[in-house]
Amino acid sequence: MKAILLAAGVGTRIINDIDRQPKSMLDVGGMPLIVHTVELLQKNNMDVVIITGFMNEVIEKALKGYDVTFYYNPFYAVTNSIGSLWFAREEFNTDEIFVANADVYYTQELLDIIINEKKDIFLLSDRTRVDEGDYFFMTRDGILEKFGKELTRKERNCEYVGIGVIKNDWVPLFKNRLCDMINSGQYNLWWENVLYSFVGERPVYTVDSEGCFWSEVDTIEDYKRVVDFCSR
């Protein structure tokens, strides 16, 4: 499996609380978050690709000596993650691709769920975090039906974790749709919008995180939650 980490964004909701550094450089258990993630993925025999943008040189310095492929999005300030992923489109040349936002903290326990899942396409979700969260899904029988930040409590039944997997025949489908969306000027969307565009056209599955700890570091409160977990 090839892992693609999206690490180009500025992180506007937390940047002023963390001395204006990339979120993926925050310390978790004595090392930068992105180093923790790269070591975890490589321990599981994944090839790691990272797309940088904001303060790219800081991330590259932290990962000096690691076997990582870098791409740089020079337009990170005006594109969203779909634009960053497009810069690594040539990496969609394998049968299994793991795509994750680089500001998500997770451990081997969560990664085991991902690795052992047989579905060809899925987004990781958390049914225990539905009352409060950042971005929500409504699923039926494990198939994505609705998605968004503004879904009401009745319209949602899980939170999105920030990780997706694309396998087999889905890989060229995804790549072609990604390129079509960029070519039509939709560079200000999230990378997940590529998958959302298939909803109603063909099943896009979700897989529950089964109570594993994870946190996408969007706010200083998110980061404190990770620090507390690492200090146990």
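Asp218 and Lys23 are both buried, where buried means under 20% relative accessible area, exposed means over 50%, and partly exposed is in between (1.4 Å probe, protein chains only). This is a predicted model, so to speak of local features a pLDDT of at least 70 is needed, side-chain atom pairs count only at pLDDT 80 or more, and totals for chains, interfaces and linings use all residues. Residues are numbered from 1 along each chain as its sequence is written, and side-chain values use heavy atoms, with hydrogens and water left out.

Now for the charges. Side chains of opposite charge can pair when their charged atoms come close. With a salt bridge taken as a side-chain nitrogen of Lys or Arg within 4 Å of a carboxyl oxygen of Asp or Glu, the count comes to 10. One of them joins Asp218 to Lys23, with 3.2 Å between the closest N and O atoms. Asp218 sits in the loop between β13 (214–216) and α7 (220–230) and Lys23 in the loop between β1 (2–7) and β2 (27–28), so the pair ties together parts 195 residues apart in sequence. Helices (H or I, at least four residues) and strands (E, at least two) are DSSP runs, numbered from the N terminus. Asp103 joins in too, as it is linked with Lys23 and Asp218 in a network of salt bridges.

Another salt bridge pairs Asp208 with Arg127, the closest N and O atoms being 3.5 Å apart. Here Asp208 counts as buried because its relative accessibility is 17%, while Arg127, at 60%, counts as exposed. Arg129 also forms a salt bridge, with Glu159, at 3.1 Å between the closest N and O atoms. This pair links distant parts of the chain, 30 residues apart, and both Arg129 and Glu159 are buried.
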